Amino acid sequence: MKKICVVGLGYIGLPTASILANNGYDVLGIDINEKVIEKLRNGTPHIEEPDLKGIFISAINSGKLRVSKKIEKSDVFIISVPTPLTEDKKADLSYVESASKEISKCIEKGNLVILESTSPPGTTEKLVGGIILNSSGLKAGADYLLSFCPERVLPGKIMYELVNNTRIIGGINKESAIKAREIYSSFVKAEIYLTDLKTAEFVKLTENTYRDVNLAFSNELSLICNYYNINVWDVIRFANMHPRVNILSPGPGVGGHCIPIDPWFMIQNLGRENTLIEKCRNINNEMPFIISRKVVELIKDKKSPKATLFGASYKEDIGDTRESPTVAVIKELKKEKINVSVYDPLAENSKYELSSLEDSLKGSDILVLLVSHSIFRNLDMNYVAGLMRTRNIFDTRNFFKKDEIEGYGFKYFSL
Ligand code: SAJ
């Protein structure tokens with residue numbers, strides 16, 4: 001199995017295609033977006049991710065990685081396309097569907113098809129396998145091999161985690177899983193465990209749902225601590241000293257394109273309401289509104305109140321703004337007639353206009369820290385204080401030190 005076609009060149013597909021090419025495979029990366037292909041052909045990755053550029057360029061320069069809009073015959077097909085959430089909170093599998101149709105056009109007996117995109121249990125066999133059977137007549141397990149191998153990498157650390165994280169591979173039969181393991185073991189240094197398709201699909205959802213539930217617990221703790229006037233950050237720090245407790249940090253909400261979405265995939269077919277998982281989703285979704293209400297309360301008496309939000313991306317030290325809690329905070333504050341300006345030197349493709357540091361702070365009544373970018377550590381707080389009309393800081397991430405901040409004449413509020 002020498003030639004691999006990676007369908008979908010996004011956050012997972014592009015790094016995976018590049019690494020496979022650097023490990024000796026002939027890789028063809030496919031994307032439907034003409035602009036993406038053009039950019040890649042000019043030697044520039046269309047996504048920002050530490051260490052990706054060098055690995056991508058060496059793959060392209062070696063001639064082992066090509067990119068195209070058009071699929072070709074291959075030994076292996078890897079599907080790494082987005083699986084977003086529909087309005088009614090179900091998996092939108094349309095990209096998986098169209099990728100499977102493309103593959104059907106050139107699949108041959110003995111090939112291996114691997115789905116990487118996060119999907120509800122049953123998708124690999126029923127949807128991918130079903131489409132390929134209908135369009136090409138080839139049956140998964142009998143005529144070709146079919147696997148599910150979910151990505152598990154953390155945005156911001158993708159290149160490291162692709163190589164160093166353990167992987168779980170599900171196969172429609174043992175041979176499918178074993179063959180898929182052969183491909184990934186060319187670059188994965190950690191263990192690769194084999195199972196069946198549905199288990200592998202469910203494991204991926206379980207990992208992200210576990211994190212969402214943990215985050216909901218920590219966000220709810222922050223509300224309860226608020227009631228008792230206890231510092232939630234101290235509580236979590238001390239509780240986590242217990243060898244079997246590991247609570248995540250509360251914050252202004254849970255963003256990104258995985259954690260707020262995948263729990264819905266897990267429960268979408270159950271027909272049960274009010275599950276723990278749904279409740280946790282709702283708690284996390286409520287956080288930007290809770291933050292906004294507090295901001296309004298703090299500055300509503302000012303004449304033409306202005307709030308400055310620090311951070312537009314969905315989490316620290318990356319530029320990705322997809323599903324960022326900041327968007328909901330902006331909307332809420334605007335509804336309440338608060339002037340809002342946002343500062344984030346890392347943010348890419350922000351839906352909301354961003355301001356310079358100076359413009360965002362000039363005449364402001366509150367600085368709301370929403371994302372803990374490391375670069376915010378270099379801020380000259382005297383300069384920040386000097387620009388603001390009212391020196392309020394609302395720190396939703398336990399980023400600043402209260403005593404230090406008060407030394408600049410700020411009133412400090414935290415979650
Ligand atoms: N967050 C907090 N407090 C924390 C940790 C995170 O509020 O203590 C917030 C972040 O600010 C962000 C959101 O949660 O808004 C999600 O961030 P994250 O770092 O928890 O997760 P992602 O979405 O960047 O990546 C996750 C990872 N999954 C797990 O850790 C179980 C990653 O390994 C997955 O590959 C990725 O989802 C994915 O693609 O599924």
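E97 is partly exposed, at 31% relative accessibility; that class lies between buried (under 20% relative accessible area) and exposed (over 50%), with a 1.4 Å probe and protein chains only. The model is predicted: local features need pLDDT of at least 70, side-chain atom pairs count only at pLDDT 80 or more, and totals for chains, interfaces and linings use all residues. Residues are numbered from 1 along each chain as its sequence is written, and side-chain values use heavy atoms, leaving out hydrogens and water.

E97 pairs with K101 in a salt bridge, with the closest N and O atoms 4.0 Å apart. The term means a side-chain nitrogen of Lys or Arg within 4 Å of a carboxyl oxygen of Asp or Glu. Both residues sit in helix α4 (residues 94-106), four residues apart, about one turn of the helix. Helices (H or I, at least four residues) and strands (E, at least two) are DSSP runs, numbered from the N terminus. K101 is partly exposed at 45%.

Helix α4 also holds E102 and K105, three residues apart. They form a salt bridge too, at 2.5 Å between the closest N and O atoms. E102 is partly exposed at 26%, while K105 is exposed at 62%. Elsewhere, salt bridges with shared partners join K3, R66 and E72 into one network.

K64 and D26 meet in a salt bridge at 3.1 Å, N to O. This pair links distant parts of the chain, 38 residues apart: K64 lies in the loop between α3 (52-61) and β3 (65-68), D26 in strand β2 (residues 26-30). K64 is partly exposed at 28%, and D26 is partly exposed at 34%.

The count is 21 salt bridges.
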